[in-house]
Amino acid sequence: MAAEREEEVAERGPGAAYQAFVLMEELRDKLKLLGCEEEEALRRHNMRPISRHYFALPTNPGEQFFMFCTLSAWLITKAGRPFEQPQEYDDPNAVISNILSELRSFGRPVDFPPSKLKAGYGEQACYVLDCLADEALKYSGFSWKRPVYPTEELEEEEITEDDAELTLNKLEEDVVEEESDNEENFIDLNVLKAQTYKSDMNDSTKQEEILQSTTDAAEWNLEVERVLPQLKVTVRTDNKDWRIHVDQIHQHKDGIESSLKETRGYLDKLHNEISRTLEKINSREKYINSQLEHLVQEYRSAQALLSEAKEKYQEGSGGVTERSRVLSEITEVLEKVKQETEEKGSSMTDGAPLVKIKQALTKLKQETIQMDIQIGVMEHTLLQSKLKEKSNMTRDMHATVIPEPTVLPSWCLVQ
């Protein structure tokens, strides 16, 4: 995408990268003329006011595509063509195809693939919306006109006041004195300004006739240098400025005194009215207190009874809480006893222990039999060893050479 964009910019020139911003600026003005932000149909979709670079820069492709489709459908409807409002889960290819078909029906060329509109931003999206906005303006009967510039009114020249508090009368006196001293002719600024304003008005009426200035710059500079000394206005400082200050102080003092007389009368009248009103309020308050004194006493006694009842309630609630805690402990102990009783009762009615005892007795009998057999074998072995030892001792005692006796088998000894 980046390589294609670079190739396109190289083909169309460096200004192609900013064409989307130009179209977006024009589109925003046209939407304002159509009343886009005031329409209830757009408020129904919770559309925010469109910024000046909304469709020129990528911010949120999903939101921008939905805004593009919604705004295109609204513009097509404003242009007099019925168009179904797209929904959020509609097929984007079908919606784009319908919008481009409506754009072609208006006679607008479409020389780009529809896939460029899926992002919801870019030069193509701004181009489509701009064309639809033009058609909507045409259908509404809107036509562009030449701009009418307001005539600039002559602003009154402000008199700057410095530390010397220069006044118009003082300025005229200084100018007259300077004229009498220097005997030079100065140009009146007000007259010059009025003449300049009239000449500007005459020039503004003849703007269409003026195509090129024929005034020589050198002659203009010479004229400026010749007239420049007459344009200077000098104001001399006077040693009598403190008298003007004193006169102004006296004037302000007289004005303050006259205003104070009038204001004092109004203030005295207002003071008297406020005093009478306060006296009425105090007398009314005393009367109300005297009339409602017994009710106040009853209210205070009722409050005392209420406080006593609240104390008793708190004491009673504390005892109830303690008894509830004891009851919960007793209930836990009772539950444990019930559980133990149930376990013992179930063990008493159960025959499993008896079966275990019988099995143990049977096993014990078997083990006893095995032990008896083992005891018999051991006794037989012990008897055989004793007999063998006895025969050996007898042989050693009675015979010097005694032939070795024949050893009988064990079963013969047992018999």
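**Stop 1: a pair of helices**

Select H2 and H6, which pass each other in a left-handed crossing; left-handed means that the near helix is turned anticlockwise from the far one by less than a right angle, and right-handed that it is turned clockwise. Helices here are DSSP runs (H or I, at least four residues), as strands are (E, at least two), numbered from the N terminus.

This is a predicted model, in which local features need pLDDT of at least 70 and side-chain atom pairs count only at pLDDT 80 or more, while totals for chains, interfaces and linings use all residues. Residues are numbered from 1 along each chain as its sequence is written, and side-chain values use heavy atoms, with hydrogens and water left out.

The axes of H2 and H6 come within 9 Å and cross at roughly 30°. Axes are lines fitted to C-alpha atoms, for helices over the stretch in contact, with angles from 0 to 180 degrees between N-to-C directions. H2 and H6 are therefore roughly parallel to each other; angles under 35 degrees count as roughly parallel, over 145 as roughly antiparallel, 65 to 115 as roughly perpendicular and the rest as oblique. Show the side chains: the residues of H2 that meet H6 include Leu 23, Leu 27 and Lys 30.

**Stop 2: Lys 30**

Buried means under 20% relative accessible area, exposed over 50%, and partly exposed in between (1.4 Å probe, protein chains only). Leaving aside neighbours within four places in sequence, Lys 30 is in contact (heavy atoms within 4.5 Å) with Asp 130, Ala 133, Asp 134, Leu 137 and Trp 144. Now pick Ala 136: its C-alpha atom is 9.3 Å from that of Lys 30, although the two are 106 residues apart along the chain.

**Stop 3: H4 and its partners**

Select H4 with H6. Their axes come within 8 Å and cross at roughly 25°, and H4 passes H6 in a left-handed crossing. On the H4 side the contact includes Phe 68, Leu 71 and Leu 75, and on the H6 side Val 128 and Leu 132.

H4 and H5 pack at an angle of about 35°, with their axes 11 Å apart. Phe 68 is among the H4 residues that meet H5, and Ile 99 is among those of H5 that meet H4.

**Stop 4: the core**

A nonpolar core is a set of buried Ala, Val, Leu, Ile, Met, Phe, Trp, Tyr and Cys residues joined through side-chain atoms within 4.5 Å. Which members of the largest one touch the most other members? Of its 40 residues, they are Phe 55, Phe 68, Leu 71, Leu 75 and Val 128. Helices H2, H4, H5 and H6 are the elements that give two or more residues to this core. Centre on Val 128: beyond four places in sequence, its contacts include Phe 68, Ile 99 and Phe 112.

**Stop 5: the whole chain**

Zoom out. The protein chain has 13 helices and 0 strands, and 16% of its 415 residues count as buried. Colour by pLDDT, the predictor's confidence in each residue, from 0 to 100. The chain averages 76. Confidence is highest in helix H12 (residues 352–398), at a mean of 90, and lowest in helix H13 (residues 410–414), at 47. Finish at residues 181–187, where pLDDT stays under 50.
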